[in-house]
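Subject: Structure handover

Hello,

Here is the structure we spoke about. Please open it beside this message while you read.

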2 protein chains.
Amino acid sequence: MAEDKPLSVVTCTAPVNIAVIKYWGKRDEELILPINSSLSVTLHQDQLKTTTTAAISRDFTEDRLWLNGKENDIGQPRLQSCLREIRRLARKRHSGNGNSGDSSSRSALSLAYKVHIASENNFPTAAGLASSAAGFACLVYALAKLYGVEGELSEVARQGSGSACRSMFGGFVQWVMGQSADGKDSIAQQVAPETHWPELRVLILVVSAEKKHVASTAGMQTSVKTSLLLKHRAEALVPERMSQMTQHIQQRDFEAFGELTMKDSNQFHATCLDTFPPIFYLNDISKQVVALVHRYNAHCGKNKVAYTFDAGPNAVLFMLDDTVDEFVEVVKRSFPPENNGGQFLKGLPVGSATPSEELLSAVVRDPTPGAIQYMLLTKPGPGPALVEDASCHLLGADGLPQSSS
Amino acid sequence: MAEDKPLSVVTCTAPVNIAVIKYWGKRDEELILPINSSLSVTLHQDQLKTTTTAAISRDFTEDRLWLNGKENDIGQPRLQSCLREIRRLARKRHSGNGNSGDSSSRSALSLAYKVHIASENNFPTAAGLASSAAGFACLVYALAKLYGVEGELSEVARQGSGSACRSMFGGFVQWVMGQSADGKDSIAQQVAPETHWPELRVLILVVSAEKKHVASTAGMQTSVKTSLLLKHRAEALVPERMSQMTQHIQQRDFEAFGELTMKDSNQFHATCLDTFPPIFYLNDISKQVVALVHRYNAHCGKNKVAYTFDAGPNAVLFMLDDTVDEFVEVVKRSFPPENNGGQFLKGLPVGSATPSEELLSAVVRDPTPGAIQYMLLTKPGPGPALVEDASCHLLGADGLPQSSS
């Protein structure tokens, strides 16, 4: 089989990101160009990551794709967009390269080969944690490594899933909406690296009994068509919020960062409600989390915790490391874990805390057992990375998924 | 006691109204001047009304107030505003009246007397049905009758509770926001009488297990201070919606009336969510009602039912009379009544209907028993009225509440 010409294979990982200035609505569905800029925090891959292995071989007879071990349709248009773009960049790079360097000629040859791709998450896809962003970022990063493409890749990732472009960098990342019709200037840029704010922590509350939601692609389309508030937000409000948020991050001003994060999450969900028919992503448990955070901050006299919600009911909370132990205890008291065998607190270690009775009586109201399925503690982290360890490949020497997946 | 000079007493009734273009936010807290115009439907008093008796006597030693049979503080500022305004108008009318007519001189004399007021609703205050609007409209109407004041009274009612001004008329009523600082032009006007659209029906779904909500006065203040979307709505969007809604009503175009009603309710709740801290009035049951209405309309291929929600989770649904029987059955299937002894369907009679299996399977999803406490069917109705029947007075000859209340 592939004995004389072994498989070319690379494995990469990419992170999830959570927007603090939200992206909602496209001005171009094909190229995935947004109606406003957005800004996100890249989460650490120790807790949440996608791993993707991409391989080419002259023996492969067709492009194939496996997601979490199950073969999937590789023909879906957005995946094809990414594949086509990377191959185009590889071809361009090769033809522009006068010196027929070794890697360059190899990749030129390999452009005719079929590709096998396998991808998996270290977290449940159902958790509603924007797995498509990490997935497409990882795909594009891996394909780029495989074909020897360098340079600006966020524009390619964007064509897979809009928010994927922000997962191409670590730390704090803005997606500049751009102006041009071809989308060349609609790219992600790092605002600050993951080392910039070492005290920042991210606590994800996974809400139980999640039902099906309006898919974000369809939701956005309806919002753009029907919500006059979204139009106003995108045109008149987000530009100023982008510069405010950038400044708050640069100054590590948690009070202001947290407040704007909460306000922008609320405004995004407000535009969903202003959509016709209206879209609801927050449920009664989400609202309880919102109320809890506001009571906690009111008791503390400042914003020590900030929530943000994407297109689902799970809460993503920001706080500084000195708040984690106490607030985790507050969450446990408010949403007592049900004895369902699973671990309630995942991710980074959390110390024990004994909040004062005064705090608890002011903040904990109507405890709702089992409403939160589990919590995951993480922090800002780096962007996509190449995995050097060959034992981590998700595809075996035969180009098929390893039995482990 | 009051034997030689008997008690002067009047009893009036006033209706509840439900806004289809929502009022949210004041530009003047004292005078209750709104940041945008609004438009409402006055509901029929056969189902929902406030009754108020006002009496004066030279023997009364202080102003007193009873609400639903219980003595209440008459000193609350907004009630005092209404009392002061009506007395001022009475004084003005008297002094402007050169001829000392009998009634005029009597009312001039009586201006020095103390007043007793008793008021009650024929529906539970807790139902969240804007009882303050009916209450203040009724108070102002009764005081005006008592003191012989005529003419524009909505401006006085407005100073009791903003939306009360709209309860001063029957049918379809707009509250013109006005421009002047003294509020003289911030008044209610009838857009069409209650006879204009005889087929229109209003079905109120009272949601169970209602919790305490943010009071609307406080909520509005926070929204005006913090929601940029509310500002945009009030300034840029409502003016056009007011003229659209007026036109839909004049043309009795249910399709368009219903759609704009739903959109405006959603937009109002969107601005609540954009408030900081956010305000949520809709709960998961409200959202189920919203989804049910959209599924029903989608199945029918047009808007046959329209929802609107005020500052609480109860749904107010508009539909034409030919839709009532079927839709009531759909509600019963979706929210099966729990056997709690109470009547599930109140108000106007509803016929039986047997919706097709096709309709039911398309529209009814995940029935939630007990989620709706009861339904009340009503229709547009007339404005405040004087009750001629002396046996209806809530105050007895001694000026104290009758034992019946």
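Below is what was found, grouped by topic.

Please keep in mind that this is a predicted model.

Domains

The assignment divides chain A into domain 1, residues 8-194 + 383-392, and domain 2, residues 200-378. Their C-alpha centres lie 28 Å apart. Across the boundary, 30 residues of domain 1 of chain A are in contact with 43 residues of domain 2 of chain A. The two domains of chain A bury about 2900 Å² between them, and 72% of that area is on carbon and sulfur atoms.

Nonpolar core

The largest nonpolar core has 137 residues. The residues with the most contacts inside this core are A:F257, A:L317 and A:F327, together with B:F257, B:L317 and B:F327. For A:L317, the residues touched (beyond four places away in sequence) include A:R201, A:V202, A:L203 and A:L205. A:V289, A:V293 and A:F327 are also among the residues that A:L317 touches.

Aromatic pairs

Over all chains, the search finds 22 aromatic pairs. In one of them, the ring centres of A:Y296 and A:F327 are 4.9 Å apart with the planes at 75 degrees, so this pair is edge-to-face. The pair links distant parts of the chain, with A:Y296 in helix α8 (residues 284-300) and A:F327 in helix α9 (residues 321-334) of chain A, 31 residues apart. Both A:Y296 and A:F327 are buried.

In chain B, the rings of B:W197 and B:F257 have centres 5.3 Å apart and planes at 65 degrees, so they are edge-to-face. Here too distant parts of the chain are linked: B:W197 is in the loop between β11 (188-192) and β12 (200-207), B:F257 is in helix α7 (residues 254-273), and they are 60 residues apart. B:W197 counts as buried at 3% relative accessibility, and B:F257 is buried at 0%.

Back in chain A, ring pairs join A:F172, A:W197, A:F254, A:F257 and A:F318 into a cluster.

Charges over rings

The charged end of A:K263 sits over the ring of B:F276, 5.3 Å from the ring centre. Within chain A, A:K346 lies over the face of A:Y374 at 3.8 Å from the ring centre.

Two residues and their contacts

A:H232 is in helix α6 (residues 228-250) of chain A. At 16% relative accessibility, against a limit of 20%, A:H232 counts as buried. Neighbours within four places in sequence aside, A:H232 is in contact with A:L237 and, in chain B, with B:L228, B:L229 and B:H232.

A:L345 is in strand β15 (residues 345-347) of chain A. A:L345 and A:L376 are 31 residues apart in sequence, with their C-alpha atoms 5.8 Å apart in space. Leaving out neighbours within four places in sequence, A:L345 is in contact with A:V328, A:V350 and A:M375.

Backbone points to check

Most residues other than glycine have a negative phi, and most peptide bonds are trans. The peptide bond from A:F276 to A:P277 is cis, with omega near -5 degrees, and A:P277 is in the loop between α7 and α8 of chain A. In chain B, the bond from B:F276 to B:P277 is also cis, with omega near -5 degrees.

A:I32 has a positive phi, near 55 degrees. A:I32 is in the loop between β3 (26-28) and β4 (33-34) of chain A and is buried at 0% relative accessibility. Phi of A:R252 is positive as well, near 45 degrees. A:R252 lies in the loop between α6 and α7 of chain A and is partly exposed, at 43%.

Regards

Methods:
Residues numbered from 1 in each chain as written. Chains lettered and ligands numbered in written order. Predicted model: local features only at pLDDT ≥ 70, side-chain atom pairs only at ≥ 80, totals over all residues. Heavy atoms only, no water. Phe/Tyr/Trp six-rings, centres within 6.5 Å; stacked < 30°, edge-to-face > 60°. Helix = DSSP H or I, 4+ residues; strand = E, 2+ residues; numbered from the N terminus. Buried < 20%, exposed > 50% of the residue type's maximum accessible area, 1.4 Å probe, protein only. Lys NZ or Arg CZ within 6 Å of the ring centre and 35° of its normal. Core = buried A, V, L, I, M, F, W, Y, C linked by side-chain atoms within 4.5 Å. Contact = heavy atoms within 4.5 Å. Domains from an automatic or database assignment. Buried area = accessible area lost by both parts, 1.4 Å probe.
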